Amino acid sequence: MIGGLVLGYLSDRGLARRNVLLLSFFGAGLGYALVGLALATKSQLVFVLSRLVVGLVKQTNVASTAMILERQGQAELTTYIGRLSGVAGLAFIIGPFLGQLVS
């Protein structure tokens, strides 16, 4: 929740929305790398830190929605927001299934 507010403020004030989206991807990657480090070292502190990093910067849905709102006209707005929501819902269904196949 706090990360979305901070990244939203940054995208409105100085950083372009594309840069906020890239920062979000990079931060998520860093957080997930820290999860791997935490598992390798069996460190609970590093694991909690990794979740904190991911929670603060992984706001891809906020940045994506803002980009759609900025670039699309009123007539197509509901179509694109609906597509974004549909893809996000589909990812919640397919992601665990694919994870189960990989493990």
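**Exercise 1. The largest pocket**

Find the volume of the largest pocket in this predicted model, then work out which helix gives the most to its lining.

*Solution.* 
Step 1. Start with the volume. The largest pocket holds about 350 Å³.
Step 2. List the lining. The residues are F25, K58, T60, N61, S64, L84, V87, A88, A91 and F92.
Step 3. Helix 5 gives the most, with five residues.
Step 4. Sort by class. The lining has six nonpolar, three polar and one charged residues.

**Exercise 2. Helix 4 against helix 5**

Determine how helix 4 and helix 5 are oriented to each other, and which residues make their contact.

*Solution.* 
Step 1. Read both. Helix 4 spans residues 60–71 and helix 5 spans residues 74–102. They pack at about 160 degrees, and their axes lie 10 Å apart.
Step 2. Apply the cut-off. Angles over 145 degrees count as roughly antiparallel. Helix 4 and helix 5 are therefore roughly antiparallel.
Step 3. Name the contact. Helix 4 brings N61, S64, T65, I68 and L69, while helix 5 brings L77, Y80, I81 and L84.
Step 4. Classify these residues. Six are nonpolar, three are polar and none is charged.
Step 5. Link back to the pocket. N61, S64 and L84 belong to this contact, and N61, S64 and L84 also line the largest pocket.

**Exercise 3. Helix 2 against helix 3**

Describe the packing of helix 2 and helix 3, from angle to residue classes.

*Solution.* 
Step 1. Take the geometry. Helix 2 (residues 17–41) and helix 3 (residues 44–57) pack at about 165 degrees, with axes 8 Å apart.
Step 2. Judge the direction. The two helices are therefore roughly antiparallel.
Step 3. Check the crossing. For helix 2 and helix 3, the crossing is left-handed.
Step 4. Name the contact. From helix 2 come S24, G27, A28, L30, G31, Y32, L34, V35, L37 and A38. From helix 3 come V46, F47, S50, R51, V53, V54 and V57.
Step 5. Count the classes. The contact has 12 nonpolar, four polar and one charged residues.

**Exercise 4. Helix 1 against helix 2**

Work out the orientation of helix 1 to helix 2, and the make-up of their contact.

*Solution.* 
Step 1. Take the geometry. The axes of helix 1 (residues 2–13) and helix 2 come within 8 Å and cross at roughly 150 degrees.
Step 2. Judge the direction. That makes helix 1 roughly antiparallel to helix 2.
Step 3. Check the crossing. Helix 1 passes helix 2 right-handed.
Step 4. Name the contact. L7, L10, S11 and D12 of helix 1 meet R17, V20 and L23 of helix 2.
Step 5. Count the classes. Four residues are nonpolar, one is polar and two are charged.

Note on methods. Residues are numbered from 1 along each chain as its sequence is written. This is a predicted model: local features need pLDDT of at least 70, side-chain atom pairs count only at pLDDT 80 or more; totals for chains, interfaces and linings use all residues. Side-chain values use heavy atoms; hydrogens and water are left out. Axes are lines fitted to C-alpha atoms, for helices over the stretch in contact, and angles run from 0 to 180 degrees between N-to-C directions. Helices (H or I, at least four residues) and strands (E, at least two) are DSSP runs, numbered from the N terminus. Angles under 35 degrees count as roughly parallel, over 145 as roughly antiparallel, 65 to 115 as roughly perpendicular and the rest as oblique. Contact means heavy atoms within 4.5 Å. Ala, Val, Leu, Ile, Met, Phe, Trp, Tyr, Cys and Pro count as nonpolar, Asp, Glu, Lys and Arg as charged, and the others, Gly among them, as polar. On a 1 Å grid over the protein atoms alone, a cavity is a set of points where a 1.4 Å probe fits but cannot get out, and a pocket is an open set with protein on both sides within 12 Å along at least five of seven lines; lining residues have an atom within 4 Å of a point. Grid points are joined across faces, edges and corners, and a volume is the space filled by probe spheres set on the points. A crossing is left-handed if the near helix is turned anticlockwise from the far one by less than a right angle, and right-handed if clockwise.
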